Every structure is written in C-alpha cells, then in structure tokens.
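Subject: Structure handover

Hello,

Here is the structure I promised to pass on. My notes follow below it.

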Amino acid sequence: MSNLSVNHLLGIKNITTTDIKLILETAKNFKEVINRPIKKVPSLRDITVANLFFENSTRTRLSFELAQKRLSADVINFSASSSSVKKGETLIDTVNNILAMKVDMIVMRHSSAGAAEFLSRKVNAKIVNAGDGAHEHPTQALLDAFSMQEKLGDLKGRKIAIIGDILHSRVALSNIFCLQKLGAEVKVCGPTTLIPKYIEALGVKVESDLRKTLEWCDVANMLRIQLERQDIKFFPSIREYTMMYGLNKTMLDSLSKKIVIMHPGPINRGVEITSDVADSDQSIILDQVENGVAVRMAVMFLLAGRQ
Amino acid sequence: MNILIKQATVVNTASPYNGKVVDILIERGVITQIKKSITPEKGIKTIEAEGLYVSLGWLDMQVNFCDPGNEHKETLDNGLKTAAKGGFTGVCVMSGTNPPLHNKAQIEYVVNRAKDNLVNVFPIGTISHNREGKDLSEMYDMQLAGAVAFSDYKKAIQDAGLILRALQYSQNINSFIITHADDKTISHGGQMNESVVSTKLGLKGIPALAEELMIQRNLQILEYTSGKIHFPTISTKGSIDLIKKAKANGLNVTCGVAAHNLLLDETELESFDTNYKLNPPLRSKDDVNALKRALENGIIDVVVSDHNPQDIESKDLEFDLADSGIVALQTAFNCLVTAMPKITPEKIGECLAENPRAILGFENNMIKEGQDANLTLFTLTGKTTLSEKDIVSKSKNTPFIGKTLQGKVIGAINNDKIVLN
C-alpha cells in the first residue's frame, strides 16, 4: 500500500486520482472490519483527534466520531453551540488552544469557504475538511463515489446527475471534482438561480428540466435545499420548488430505466424527494451512511501515515 | 535646503526641458537652475542614479489613512510618511474614517494635521451625510475648509436620485463627484470576481455586471445633469468600453485604475490568501489586459495606489470574514512598471502626476526655473524588493512582502523637504 500525495484532506480538487482510488480501496477493507462481530482495530490508538464543528451537523459528526472510535483513536468533540467562538475568540485561537492539549488531527466543519486551507497553514496538525462553506466536502464525495461503485462498478463513462441547490452546495463541488477524476460524466440540474453561472467551465453539463435529466442519468444525487445559506430568495416558494424539482414515485416509475437514487442527507421528505422514493429499492441513501464510516476510517488511517 | 539633481531625464510634457538630460539645482524649495551640467557647491546634497528620471511630484487620487477613528490601522502622520516613501508628493485622502469626512470640522482636522509635511494633502469630503447614501453633505462648507472633491469612498451610492442631486449640486461650487461603482443588489455578499475561479473555490462571486451596471447608470445620469464624474478604480473590460463611449460622446468623465489591478488577476486567490481580497476584486486575465491597453491609449486617466490599510485582526481571518484592501503606496509605482514593462516615462508622468492635477483642476506647474520644486525621482531599470521592515505603514497587509518588483523610487521633493530611498 502506498501513501497519499497530501498531508491534509482539504478538498478533492487538490488530491490525485491515485489518492482517490487508494482511499476507496482502503475503505473496502474497513467496510469489512465494521461488519465483523468485533468492529474495532487498534490502528490509531496513539492518535488524538479533535472534531471541531463550527456549523451544525449530526450525521457527519457522528460518522467521523464512529470512524475514529472504530480505529481506537482518542476523540474530543467541540461544537459551536457550546464554544468560545460566540465569545469572540478567533478560529486560530480556538484551534491553538485545542492543539495545546496535544491533538494530532483535526476534523473541521466551518461556514467559511477556505477555512480548512487557512487552518492548515496555521497549525501543526493533520486537517480533514468536513465541509467549508460552499467550497468542498471531500469525505462526502468519496463516500458517494464508494457507494456508486458498489452499485455500478467502475464509474468510467457513467452518467451522474446532481440535482438541486448547486450554488450553495459543497457536496456538489466535491462530487463534481471526484466523479470527473474517476471518469464519470456529470450533469447539474436545478433552477437557474441556484446554478453557478460559470459551472460549465468545470466541464459539467447544465440542464434545467428534471425529467430530461433523470432520463439521461444512471444516478441521481438529490441535494437538500439549504435555506440556512440563502439570505435572499432564490425561488418563490418550497411548494413551487417541489413542483419543478421534487422527485416523486410516479416520475421515478415512469422513467425508461431504473436509476439509482442518492441523497447526502438530511432529507427534507416531500421537498426534494418523497418518502416512497427515499425508501424505494432504487435508493442507496442508507448505504451511503454506512459507507461514510468506512471511507472516513480510510481517510484518517491514510493521513496518519499508517501502513 | 539646497539640492542638486545630477543627470536626470525630465519627464514633463509641458516643460521646455521634457526629454532632456539635465542637472537641476533646487534652493530653498525652488528650482533655480536647469542646465546641462551644474558644478556642485561644497556641501550641497547631490542626487545621482543610473537611468534617473525626474517628473512632477506624483499625486495619488485615492488613499485611506483611517484617521480619525481607525488609527490602529494607519494615522495621517504615518500615511504621509508612507506616501513620500512611495514617491508621492500629494494624496487625496478618502473617507475611510470614523466619523467620516462629512463636515467642515473633519476636513479641517485633516488639513491641520497634515500641515508642514512633504506630502500635500487634499481631503475628499463625503457626498452623503455620514456616508449613509441618503442626504447630501455640506459640500460648500467642506470646500471652503479645503475639500477638493466629493466621494463616499468604497460605499457606492445605490440611490440614483442622490447621484443625480450630487452631480447637480457639485456644479454650483465648481467641483465634482468621485464614486465607486458597485451595484449591491448584484454583488450582494460577493467575495471575489465571479468566474470559474470563484466557482471552484466556492466563494460568492462579484459579477463584472455589478460594476458596469453602476457605471452605465451614472453615465446616463451625467448625461442628464451635466457636471463631472470620476470613477476612481475601474476593473473590468466592460467598464472601459462604457467610459470610452461616454468620452467619445463628450461627457465629462474620467477614471482611474488601482496599480495592483494591472498586475494581478483572480487566480491569485486560489490559495484563499486574504491579502488578495480587494475591492474592486482582482479580475480575469482578459480584464487585466484590457485595463493595460486602456491605460496606454488614454481611456484610463490615472493610476492610484488605492492604499487601504487593514490590521492583522481584520485581515488574517477566514476569507469571508476578512476585510478588503492592501497597503499599496510603497508598491504602486512598482506594480505599474512590473505590469507594463514597456511603459514610457511620459506615460508614468501623465498617469501619476499630470492627469491627477488636471482632473482636480490644479494649476499645472512644470519643471522649469522659478517653479516650486515638487518632484519625484525614479528609475525604470532599478528593482525594489519589499521586506516587512521596509513597510512604513502601520498595517502590513500586502502580498508583495519578499517579492521583487521592477522600478525604483529614488526620492520625493516638495515643500523644501526631501525623502530619499
């Protein structure tokens, strides 16, 4: 087994295709581990990891924490609601205080794009970006790719649609970079107000019609509408959004082929997808959650430089 | 103080000595002799340098000295020292202050504070009271106190009616309006130029449209009101086209560009370095090339430093939390020459010294005997490497630390004072 080309996982943009393949290959082994009766390995037992969540998260934080515990790392958690951030402390001071307690690795979610990169220049610890603003969410893209590969095999030439609020989505951007590096074709679909004007320059197709997009793709990754990041209204109402971009069972069944349905969670049931779609046999949403733990184990294991 | 400048090429289109290599004798602040060769008296301060040029003292039409209110970022005293180091003998001080320069008392504070300095200070009063973009400020009273023009600095005036009234009213006092161009409803929350680069970085973009729409609107209002408008720092190709057309149609419009917008483009932001977070933002390579061409062919009239100090607490932050700006007075000339290596000394004299005076309506002094010595000395072949300890400004927010740029400011002379590098 070789090493990653980077010291931190800041984004998919700055890692190589070989890195991605190595992470996904390593994740396969860890998936096997977490399905054993004894789900734990001692790989990171001398490593202390801090999970710093300056933005709300349940699933990503739990997934990271579980991954760390399965690797026998020591874990501390810090979230914004109980933090000193509200008392006016800067990010660097918060992190340095935590590092002074001898932490080796930091998993951070932050509302500012570039926050992970900023941190990596300032502190001496391995950084895993767990989402920075509308920039990247690399482990989500990796677990999405892992889940798609499980279902479809090699992704070369596969057609993947990302549907919804592309403008505010770090999941979309990381997915685009990751899928392209694995040879897949990507199309984004949503109201034009939520599609970045220059996204085609990244080599993705843009389509505003949901049905046409679904007919084209092998996989539809339905994104959540992120109202918390929209300080102005980009569409008239949730109701109208659902009318145009919500996926229901009738539409799914009327397609000429069986496509795979994904969602990074948390789902707004009845908004971007209806419950019967989310729970259908075409959905791999819960596989994504399971694979998330394995992929995050692989990332932290490799970053720690463990062979 | 008496000074002898040896073997300098004169750069001053109005001067009979333009283009000639001469010795210039300055006695007690006045040019007393210009000759092919002057024998130095004993003890006189002599300035010599290879490839030396002498132009009228440079005048920067947009600086922010943060004083009063933000003296932790810069003070007037310190800002003026920085200006002299950068070769500027005059600066238009903008209203990045708290309170803003919006009444007689504020203007008088700046004028009095900056007396007896090498660098002449020309305060710019605000257009609107408290820089709120609502009601006109007392322009006439401020003009009597020393304000040379009016601007709300980086706060672009969103209200079309206010710009209309400001343009009308400023004509009554033979003055003019300087206004930043940025339609906030379009640039809303933007962090950098909107392009594929901003898309890749997940940073909210500021479309060129936000600047161009505002310029177009203001030009149309200017056509209606008459008067004179100056856009201090344009940054897009579209803005150039609009101003070119307006000038051809005879409108009284002038514009400037920040020196760093000629040298740097948006790709610098790929590492999320907040030193490159600027307003107007660094634009595309196409825009940068268009700006350079527009300066060459005279559509852009002046080059400014757009000196905007930010302390480390406002700058060394997550990208969207950091403030915009760069301490630029000491590197503006070098940015210009590095961006445009083939620039002629005449063009430098025009865009840094002569055109700013013309726009501000100052009497055009020239380099000849009997005139006050208000001069900048520079070379194009020299190089300048900026180290952190060389920065005179209180703030250190510049991406040029440790970098070598083309050109060298040798010194500045004005008001019987001299600063040499």
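The structure holds 22 salt bridges over all chains. A salt bridge here is a side-chain nitrogen of Lys or Arg within 4 Å of a carboxyl oxygen of Asp or Glu. One of them joins Lys31(A) and Glu150(A), at 2.5 Å from N to O. That pair links distant parts of the chain. Lys31(A) sits in helix H1 (residues 17–34) and Glu150(A) in helix H5 (residues 138–152), 119 residues apart. Helices (H or I, at least four residues) and strands (E, at least two) are DSSP runs, numbered from the N terminus.

Some ground rules. This is a predicted model, in which local features need pLDDT of at least 70, side-chain atom pairs count only at pLDDT 80 or more, and totals for chains, interfaces and linings use all residues. Residues are numbered from 1 along each chain as its sequence is written, chains are lettered from A and ligands numbered from 1 in the order in which they are written, and side-chain values use heavy atoms, with hydrogens and water left out.

Next, the interface. On chain B, 19 residues are in contact (heavy atoms within 4.5 Å) with 24 residues of chain A. The buried area between the two is about 1,700 Å², and carbon and sulfur atoms give 60% of it. Buried area is the accessible area (1.4 Å probe) that two parts lose on being put together, summed over both. Chains B and A share 1 salt bridge. Its partners are Asp316(B) and Lys122(A), at 2.6 Å from N to O.

Now a sheet in chain A. Its 4 strands run in the order E2-E1-E3-E4, open and parallel. Strands pair if DSSP finds at least two bridges between them. E2 (74–79) and E4 (126–132) of chain A stand at the edges with a single partner strand each, so one side of each has no neighbour in the sheet. E3(A) (residues 105–110) pairs with E4(A) over 5 bridges. There, His110(A) stands opposite Asp132(A). Helix H4(A) (residues 115–122) packs on the sheet and touches E3(A) and E4(A). Its direction makes about 160° with that of E4(A). Axes are lines fitted to C-alpha atoms, for helices over the stretch in contact, and angles run from 0 to 180 degrees between N-to-C directions.

Last, a hairpin in chain B. E17(B) (residues 404–414) and E18(B) (residues 417–420) pair antiparallel over 4 bridges. Ala412(B) faces Val419(B) across the pair. The hairpin has 2 residues between its strands, and Asn415(B) takes a positive phi near 50°.

Best wishes
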